[in-house]
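Please look through the sequence and the model below before reading on.

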Amino acid sequence: MSFGARIRILAVLVSQLTHAPAFAEDPGRVLFDESECGSCHEFPLAPGQPVVPLRGLTSRFTAESLAAFLLAPPLPMPPFPELSEPERLTLARYLLADFP
Ligand code: HEC
């Protein structure tokens, strides 16, 4: 289970204990977590595994060009054929907002 998925489960458990609403999440962030992008871009899968930080994306990508990048990224990044075009656009908009 990804780190993000664990955090979401924890947030739901805490909200049930405290009767507070769980925080609403950006749908692009949910796709990021479900696709486990963070295992290469935020938190290493194993100690010592290199992380490729995402930064400066707005100077090089638009939402459309980033969505196209995700369809056919350069090796060693894997492609994500399971993501639909609308999902890739949602993910791209999230990336531009969170890793400008
Ligand atoms: C197995 C590791 C791995 C996974 C998983 C992965 N990436 Fe990457 N990603 C890379 C590597 C390595 C590069 C650098 C490729 C290069 O330019 O040589 C990269 C590059 C990128 C870039 C371009 C960064 C730049 O500054 O040009 C973006 C954006 C990106 N990844 C987003 C994602 C997203 C979104 C996901 C999940 C859908 C994801 N990656 C999943 C390894 C990964």
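Helices (H or I, at least four residues) and strands (E, at least two) are DSSP runs, numbered from the N terminus. The model is predicted, so that local features need pLDDT of at least 70 and side-chain atom pairs count only at pLDDT 80 or more, while totals for chains, interfaces and linings use all residues. Residues are numbered from 1 along each chain as its sequence is written.

Proline 76 is found in the loop between α4 (63-71) and α5, and the peptide bond that joins leucine 75 to proline 76 is cis, with omega near 10°. Glutamate 36, in the loop between α2 and α3 (38-41), has a positive phi near 55° although it is not glycine. Most residues other than glycine have a negative phi, and most peptide bonds are trans.

Helix α2 (residues 27-34) packs against helix α5 (residues 85-98) at an angle of about 105°, with the axes 8 Å apart; axes are lines fitted to C-alpha atoms, for helices over the stretch in contact, and angles run from 0 to 180 degrees between N-to-C directions.

The ligand is surrounded by 19 residues, of which Ser35, Cys37, Cys40, Val52 and Met77 are the closest, where near means a C-beta atom, placed from the backbone, within 6 Å. Helix α3 gives the largest share of this shell, 3 residues.

| Class in the ligand shell | Residues |
|---|---|
| Nonpolar (Ala, Val, Leu, Ile, Met, Phe, Trp, Tyr, Cys, Pro) | 15 residues |
| Polar (the others, Gly among them) | 3 residues |
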